Amino acid sequence: MGKVLDSYLGAPVEIQRRAFQRRIAIMVKPNGTIKMVCGKTTSPKILKAFLNESHDWIEKNLNTLGELRDQYPVKMYEQDEEFLYQGK
């Protein structure tokens with residue numbers, strides 16, 4: 001899909017380049033990866049500057065994501081464990 005670069009704030013950065021993308025878009029994916037979507041001709045220097053400008057937003061979203069992971073841990077089912085099915 002996209003090229004994965006060095007990490008930023010401990011999260012891997014994935015870059016997806018599109019032919020007609022005019023702006024740089026940034027998102028934090030549920031797996032903790034930072035995804036940037038940009039034009040094909042956008043230089044790495046501009047991308048790094050955009051990451052630095054978005055530092056506070058990225059940090060806030062990574063922290064929120066970490067809190068959600070702590071609040072809702074992955075459920076591991078064990079053999080002979082009972083669980084709800086259709087509310088029963």
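**Exercise 1. Is Thr42 buried or exposed, and what surrounds it?**

*Solution.* The model is a predicted one, in which local features need pLDDT of at least 70 and side-chain atom pairs count only at pLDDT 80 or more, while totals for chains, interfaces and linings use all residues. Residues are numbered from 1 along each chain as its sequence is written, and side-chain values use heavy atoms, with hydrogens and water left out.

Step 1. Locate the residue: Thr42 lies in the loop between β4 and α1 (44-53). Helices (H or I, at least four residues) and strands (E, at least two) are DSSP runs, numbered from the N terminus.

Step 2. Apply the cut-offs: buried means under 20% relative accessible area, exposed over 50%, and partly exposed in between (1.4 Å probe, protein chains only). Thr42 counts as buried because its relative accessibility is 17%.

Step 3. List the neighbours. Leaving aside residues up to four places away in sequence, Thr42 touches Arg17, Ile24 and Leu47; contact means heavy atoms within 4.5 Å.

**Exercise 2. Determine how strand β4 pairs with β2 and β3.**

*Solution.* Step 1. Two strands pair if DSSP finds at least two bridges between them.

Step 1. β4 (residues 34-39) pairs with β2 (residues 11-18) in the parallel sense, over 6 bridges. Within this structure, Arg18 has Gly39 of β4 as its bridge partner.

Step 2. With β3 (residues 25-28), β4 pairs in the antiparallel sense, over 4 bridges. Here Ala25 has Val37 as its bridge partner in β4. The hairpin of β3 and β4 has 5 residues between the strands, and Gly32 in this hairpin takes a positive phi near 90 degrees.

Step 3. Consider the cover of the strand: 6 of the 6 residues of β4 are buried. Val37, which lies in β4, counts as buried at 4% relative accessibility. Among the residues that Val37 touches, not counting those up to four places away in sequence, are Gln16, Arg18, Ala25 and Met27.

**Exercise 3. Identify the salt bridge partner of Lys29 and state which parts the pair ties together.**

*Solution.* Step 1. A salt bridge is a side-chain nitrogen of Lys or Arg within 4 Å of a carboxyl oxygen of Asp or Glu. By this rule the count is 1.

Step 1. The partner of Lys29 is Glu14, with the closest N and O atoms 3.4 Å apart. Lys29 lies in the loop between β3 and β4 and Glu14 in strand β2, so the pair ties together parts that are 15 residues apart in sequence.

Step 2. Compare the accessibility of each partner. Glu14 is buried, with a relative accessible area of 9%, whereas Lys29 counts as partly exposed at 23%.

**Exercise 4. Name the residues of the nonpolar surface patch that includes Tyr77.**

*Solution.* Step 1. Patches are made of residues with over 30% relative accessible area and no salt bridge; like charges are joined within 9 Å, and nonpolar side chains (Val, Leu, Ile, Met, Phe, Trp, Tyr) within 5 Å. Accessible areas come from the Shrake-Rupley method with a 1.4 Å probe, and for residues only the protein chains shown count as cover.

Step 1. Tyr77, Phe83 and Tyr85 form the patch, with about 430 Å² of accessible area together.
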